[in-house]
Amino acid sequence: MKTIIKDWTLEIIILLIAVVLAIFNPSKVSIALLFAAKTYLNLFVVFGAVALLSALISVTIPKQTIGKLIGKQSGIKGILIGAVFGSLMVGPAYIFYQLFKELREKGAGANIIATTISA
Amino acid sequence: MSPNLLEGIILLAIVIALYVYYFFRGDRKKAVEALKKSGRVFFQNSLRLFAIFVIIGILDKFLSPKAVSQFLLKFKGFKGIIVGALTGSITMGPAASSYPIAQYLLSHNAGYSLVAAFLFTWVAIGVVALPLEFKFLGKKFALLRNSFALISAILVAILIEVML
């Protein structure tokens, strides 16, 4: 129970804010919820693809391969891979955070992840 | 169909093809394991991102462009740059919805530097999404990235003030 609260602090705070605001101004909050649902539905397919891809990478590709391709020592080649991949990404960067987290844990360099996010 | 949806479907098709390939040519057990893991990840991240979208929607509705503009118009000079950058960091949303605010500000004689700082941090910094960035990318990385973005915003604002 304690870990659940710690893990979801931000979401719980947002929920409380939304509930409090809804008491004062329900119509504005319902518009905001509608906006959230619309945005979510638009990105829903990309979320699914990213979740599938990061799980596949984490289960199948060994740590050494990732380190070799996009590790800290991979140099300009790794940065180029990051830049190209970053340009191919669709939608806002934060939906790919899961994938980046997986890659970082497997030894991808922070420099390359930063390139990918900004590309 | 929105471009995000279309490109998402293309991405999904590629990933599914990878799965099918791995299932038949690689390790079946591992493919199933990955599938199960992705289900869990998908559910968790969906909840987290939906919460972020809710707060963006609430900010968008409750901080009306007019209220934000009138607040920003009170500041001038270097103080204006700082306040503009900070306001842009709190507000968040698609870049396109910041343009009407910027237009209103400029037509009411706000400094170019203030507007530039505001537009920069609107896109580059989101205080609301910061906890999410911490969780996924690590505290050190997120803090460094956001502070450099803030410094760049102020530098860009000063440059624009000098040039215009």
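Begin by selecting chain A: of its 119 residues, 44% count as buried, where buried means under 20% relative accessible area, with a 1.4 Å probe and protein chains only. The model is predicted, so that local features need pLDDT of at least 70 and side-chain atom pairs count only at pLDDT 80 or more, while totals for chains, interfaces and linings use all residues. Residues are numbered from 1 along each chain as its sequence is written, chains are lettered from A and ligands numbered from 1 in the order in which they are written, and side-chain values use heavy atoms, with hydrogens and water left out.

**Chain A**

Helices (H or I, at least four residues) and strands (E, at least two) are DSSP runs, numbered from the N terminus. Among contacts (heavy atoms within 4.5 Å) in chain A between residues at least 6 apart in sequence, 68% join residues at least 24 apart.

Next, select α6(A), where the buried residues include A:Y97, A:Q98, A:L99, A:F100, A:E102 and A:L103. A:G107, with a positive phi near 100 degrees, follows α6(A).

**Chain B**

Move to chain B, which has 8 helices and 0 strands. Of its 164 residues, 38% are buried. For contacts in chain B with a separation of 6 or more, 72% are accounted for by residues 24 or more positions apart. The accessible surface of chain B is about 9,200 Å², and 72% of that belongs to carbon and sulfur atoms.

**The cavity**

Now show both chains. A search of the whole structure finds 1 cavity of 30 Å³ or more. On a 1 Å grid over the protein atoms alone, a cavity is a set of points where a 1.4 Å probe fits but cannot get out, and lining residues have an atom within 4 Å of a point. Grid points are joined across faces, edges and corners, and a volume is the space filled by probe spheres set on the points. The largest cavity holds about 80 Å³ of space.

Which residues lie nearest the centre of the largest cavity? Select A:F47, A:I95, A:Q98, B:N45 and B:L49, which belong to a lining of 12 residues. At least two lining residues each come from α3 (26–60) and α6 (97–105) of chain A and from α2 (28–62) of chain B. The largest share, 4 residues, is from α2(B).

Notes
1 Å grid on protein atoms, 1.4 Å probe; cavity = no way out; pocket = protein on both sides within 12 Å on 5 of 7 lines; lining within 4 Å. Buried < 20%, exposed > 50% of the residue type's maximum accessible area, 1.4 Å probe, protein only. Areas by Shrake-Rupley, 256 points an atom, 1.4 Å probe, with all protein chains shown as cover.
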